[in-house]
Amino acid sequence: MQKFVIMGPPGCGKGTQAKKLCKRFDLTHLSVGDIFRWNIQSHTKLAAKVKRIIDAGHLVGDDIVDEVIRRRLDEHDWNFGFVLDGFPRNLSQANFLLESYNVDKVVVLETPDDVVMERALARRVCGDCGVDFNLIYHRPADPNVCDVCGGKLLARTDDTEVALRKRLADYHGQTEAAVTKFDQKGLTIHIDGTKPIEAVFAEVCGELKLAVM
Ligand code: AMP
């Protein structure tokens, strides 16, 4: 069983690489951000607690996040392993993870602020089928319409310039401390996240010693 974590600033491609790894190697994708977005779309009680925090680009409190992760991992639907995407985001969450689960490797997608800012502002998701697009790297034929189902393409409500600046500040101010902790434990592999998606994926697989088919 493989237990991986994927880290990096917002817009570095964590979600894209996590989904590719999971598809190729039958791992389960665990994204706290996706869980929050599902709750927001479904108007749950949890959504009422976190929506404003997320839209402003702030980090949700550790008590809520740790509970979401604990519950998700308790579902045990990850026979072949999992890829954690967007968790941990600070030292306390990293300690919680290290105390609770044996992590095999932590992939860090190194991507400068100006690149992630440009990428995140160009992100779009289909409001109907959920397929991701990017107006720079994975352009839909019409910037407002999903190529797959014809649904309306939307920007994430936290992909505004103000919220992104806050998220980047938290990445440097809080998440990098968690990366350092994993570095000290010899768990990290650092990958250049500025390369094209397939090149990054090949490098991630190579470093994780997984065969690219
Ligand atoms: P993401 O999809 O990973 O970019 O997450 C979207 C938003 O959800 C973040 O900007 C945070 O507001 C919140 N969030 C996701 N994961 C965490 C976490 N591990 N700790 C705190 N907040 C989180």
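**Close-up 1. The buried residues of helix 8.** In helix 8, which spans residues 197–207, Val200, Phe201, Val204 and Cys205 are buried. They sit on the same side of helix 8, because they cover an arc of only 130° around the axis. The arc is taken from the directions that run from the helix axis to the C-beta atoms. An α-helix has 3.6 residues a turn, so residues three or four places apart point the same way. Here, buried means under 20% relative accessible area, exposed means over 50%, and partly exposed lies in between (1.4 Å probe, protein chains only). Helices (H or I, at least four residues) and strands (E, at least two) are DSSP runs, numbered from the N terminus. The packing partners of the buried residues of helix 8 are helix 1 (14–25), strand 4 (105–110) and strand 8 (188–192). After helix 8 comes Lys209, which has a positive phi, near 60°.

A word on what you are looking at: this is a predicted model, in which local features need pLDDT of at least 70 and side-chain atom pairs count only at pLDDT 80 or more, while totals for chains, interfaces and linings use all residues. Residues are numbered from 1 along each chain as its sequence is written, and side-chain values use heavy atoms, with hydrogens and water left out.

Close-up 2. Let us turn to the ligand. Of the 16 residues around the ligand, those that come nearest are Arg37, His58, Gly86, Arg89 and Gln93; a residue counts as near if one of its heavy atoms lies within 4 Å. Helix 2 (residues 32–41) gives the largest share of this shell, four residues. By type, the shell holds seven nonpolar, four polar and five charged residues. In the side chain of Arg37, an N or O atom is 2.8 Å from an oxygen atom of the ligand. For Arg89, a polar side-chain atom lies 3.0 Å from a ligand oxygen atom, and for Gln93 a side-chain N or O atom is 2.9 Å from a nitrogen atom of the ligand. The protein buries 97% of the 480 Å² that the ligand exposes when taken alone; these accessible areas come from the Shrake-Rupley method with a 1.4 Å probe.

**Close-up 3. Asp159 and its partner Arg123.** Look for Asp159 in the loop between strand 7 (153–154) and helix 7 (161–184). Asp159 counts as buried because its relative accessibility is 6%. The side chains of Asp159 and Arg123 are joined by a polar contact of 2.9 Å. Such a contact is a pair of N or O atoms within 3.5 Å; within protein, one must be able to donate a hydrogen and the other to accept it, and residues adjacent in sequence count only if both atoms are side-chain atoms. Ala56 is 103 residues away along the chain, yet its C-alpha atom and that of Asp159 are separated by 9.5 Å.

**Close-up 4. Thr175 in helix 7.** Thr175 lies in helix 7 and is buried, with a relative accessible area of 5%. Its side chain reaches the backbone oxygen of Arg89 at 2.8 Å. Leaving aside neighbours within four places in sequence, Thr175 is in contact (heavy atoms within 4.5 Å) with Met7, Pro88, Arg89 and Asp170.

**Close-up 5. Lys3 in strand 1.** Our last stop is Lys3, in strand 1 (residues 2–7). Lys3 is buried, with a relative accessible area of 14%. From C-alpha to C-alpha, Lys3 and Gly81 are 5.3 Å apart in space, although 78 residues apart in sequence.

Conventions: Ala, Val, Leu, Ile, Met, Phe, Trp, Tyr, Cys and Pro count as nonpolar, Asp, Glu, Lys and Arg as charged, and the others, Gly among them, as polar.
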